[in-house]
Each structure stands twice: as C-alpha cells, then as structure tokens.
Amino acid sequence: MRAVIVAIGVAFLVSLFCTPIAIKVFTRLKAGQPIRAEGPAMHQGKKGTPTMGGVVFILATVIAYVAGHLALTTLPDAQIAQVEPTITALVLLGLMVFSGAVGFIDDFLKVRKRHSGGLNKRGKLAGQILVGAIFGVVALYFPSSMTDVRGNATNTETVGSTMLSFIRDIPALEIGKIGAVIVIILVVMAATNGVNLTDGLDGLATGASVMVLAAYALIAFWQYRHWCADPNYTEAYCYTVRDPLEIALIAGAAAGACVGFLWWNTSPARIFMGDTGALGLGGLIAGMAMSTRTILLLPIIGGLFVIITMSVVIQIISFRTTGKRVFRMSPLQHHFELAGWSEVNIVVRFWIIAGIGVAIALGLFYSEFLAAVS
C-alpha cells in the first residue's frame, strides 16, 4: 500500500507543478488548440488555448512508477519479487505512452496546419491498431517467471488472457492467443476513441478518467491482497492475474497525475490534454481492463465513455439512413450545450454519471467476491 500511496503523491505533485511550465512552453511555441468552425459557437473563445497537455500527466505517471518502485524496496521478502520492473508495467505504460504518441502526432499536425483536421482517420486508426497489436502480443506471449523465497514458481501468468473475462476469466469463453490479441486491439480502439470523444469540455474527460483509474487501482489492489501467487494466501477464491500490485501502482499514479492536471484543466481551462492525453488515457484504461481480467466489466466502469460514443454512432446511423439528426450535435455533451446548459453544469452532471458507472462496477466486483467466499 505504501508504494501505491507514494506513486499517487509523486504523480500528483509532478503534474500539478509541471503543468504551468507546460502552459508557458506550449504558449511560447504557439501550440494553440484549433477550434472546429462547425462546433458550438461558445467554443470559439477557447481558440489558442495551449494543447498537448497530456504529455505532462503521461510523464508524471512514468516518473511516479519509478518512485513507487523505490518504495517497494522496503517490502518484506515474500513480496520482493515485484520490485523489479515487469512485463505488466511495460505493457501498461507502453499502451499509455505509444497511444499518446499517436495522439501527439495528431495534435502536432493540427497545430502546424492551424486546422482541427490533424491526422486523418485512417492514420489514427492504423496507429491504434499497431499499438494494440504490439502490446497485445507482448501481453499474451510472455508469462511471468515469479518465484517465492524458496525459488519455487508461484506465478506463470501472462498479462492478458486467452479467455474473455468479466470479473474473472470465463473458461467457457476461450478464444486462443490470436483471438485474444484481436480483442485487445478492439478494446484499445474502443477505449481510446471513447475518451477522445468525451474530451470536449473543460475537465470532462480528465475527471471521468480519474474515477475510472481510481476504480482500477482499487480492483487491482484487492486482487493483490487476494492473489493466488501469494504464498501466504491459499484460499480457493483468490485472483489469477499477473502483477496486481504493479497494476494498482500504475492506475493510482495515473489517477493522481490526472488530478494534478485537472487543477489547470477545469473551466476555464488553461491547457487542454489534446489527443495526446485522450488517446494515452484510453490506451492505459484498455490495458487496465485486460490486465485485471475485467474486459467485459469495462463498459460499466467506463459507462460515460460508452454513452458518449454511442451518441456519435446513433447520430451517424440516423443521418445516413434517414437524413435526420437525433441530437442537436454529437458527441452528446455538445447537444446539451446547444440546449442551453452551461459548460460547468454539463461537466458536473456527466461526472455524476461516470461515478454511477464506477460505483455499479465496483459493487458487481465486490459482490462476486462475497459470492465466491460464501
């Protein structure tokens, strides 16, 4: 627990104090966010606000991970096997950094062209598929070699699973390694685009991501406390995952980094996360679902992202089939803007929806544990 707290604190402080520096640097570089002409008229006042702020909390998460590992050196010998960096950390941080890199290219092109177009849809999609495929393969083909203090193998799990999962792996839904890699790619695409579509109002995606990441930190730490690889824990209802403490540490660090960034990102935002931050967070959230074996629980934990994504899908299908729009504008948050809601009201109410989804998911997770115990 000490390592997770250290990681959260370091990430928060790095993000809190480095974001103003990023604001000055990106402002000096004239890296202002172009605003879509067809977007809500009230957004034109945000033109020129520096973007690519996601670089700050991605960097803060990586630094906090290192700091958390320094704290791990004080743990008892029975837990010392996780002190060394693991494949789990490589996959999770890799998904965050390289998904963020795809978003950075998009942001850079927007700034350079002074246009909201950025990277074309095919280029962005190709980047998401490539990142998902690379780290999906790593997640499925590199089992753990963790041993206990006697040198006996205690955990030979991979980061990902060849079975679909809800709260645990579902043996009846075995899909094989190739199928699992495809699922990981789809989850990465869904999560990155979901967070990206939600990022449209000051603080909306950042605050929702804090809740989702905090939920995964709790889930992963609970799995660590009831871990099948722990030689001191032998109950039948333990969790078969790889490196749950690593997952909790990274999720907590990312949540802390987002809170520090949110200080500067709330309305009126002094900096936007941009596609750099949105795709980075989406990639990490996808990795969290995969590594905690809760892939089918992700649509509930990230319920707000699902609702907003579906609003876009519904709008597109309706317009192409009937020529009519269901919403005044999509994504959904812009519909309420045009309906007269203030930006702050929309953000807070959508945060409440995000919190409800997280609460339901955590309730399902814990109720499954109680059922297993009984």
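How many aromatic pairs does the structure contain? In this predicted model, the count comes to twelve aromatic pairs. One of these joins Phe98 and Phe135 in a tilted arrangement, with 5.7 Å from centre to centre and 40° between the planes. Phe98 is partly exposed, at 45% relative accessibility, whereas Phe135 is buried, with a relative accessible area of 8%.

A further pair is formed by Tyr239 and Phe365, whose ring centres are 5.6 Å apart. Because planes under 30 degrees apart count as stacked, the angle of 10° between the rings of Tyr239 and Phe365 places this pair in the stacked class. Tyr239 is located in the loop between H6 and H7 and Phe365 in helix H12 (residues 343-373), a separation of 126 residues. Both Tyr239 and Phe365 are buried. Ring pairs also connect these two residues with Trp222, Tyr237, Tyr366 and Phe369 in a cluster.

Charged groups were found over two aromatic rings, as follows. The charged end of Arg168 sits over the ring of Tyr239, at 4.1 Å from its centre. Arg349 lies over the face of Trp341, 4.7 Å from the ring centre.

A search of the whole structure finds one disulfide; the sulfur atoms of Cys228 and Cys238 are 1.9 Å apart. The link of Cys228 and Cys238 is right-handed, with 95° about the S-S bond. Cys228 is partly exposed, with a relative accessible area of 31%, while Cys238 is buried at 12% relative accessibility.

Cys18 is in no disulfide, the nearest cysteine sulfur being that of Cys258, 15 Å away. Cys18 is partly exposed, at 33% relative accessibility. Cys258 is likewise in no disulfide, and its relative accessible area of 0% makes it buried.

The largest nonpolar core comprises 105 residues, of which Phe57, Tyr216 and Ile301 touch the most other members. Beyond residues up to four places away in sequence, Tyr216 touches Ala251, Ile285, Met288, Ala289, Thr292, Thr294, Leu298 and Ile301.

Methods:
Residues numbered from 1 in each chain as written. Predicted model: local features only at pLDDT ≥ 70, side-chain atom pairs only at ≥ 80, totals over all residues. Heavy atoms only, no water. Core = buried A, V, L, I, M, F, W, Y, C linked by side-chain atoms within 4.5 Å. Buried < 20%, exposed > 50% of the residue type's maximum accessible area, 1.4 Å probe, protein only. Contact = heavy atoms within 4.5 Å. Disulfide = S-S within 2.5 Å. Phe/Tyr/Trp six-rings, centres within 6.5 Å; stacked < 30°, edge-to-face > 60°. Helix = DSSP H or I, 4+ residues; strand = E, 2+ residues; numbered from the N terminus. Lys NZ or Arg CZ within 6 Å of the ring centre and 35° of its normal.
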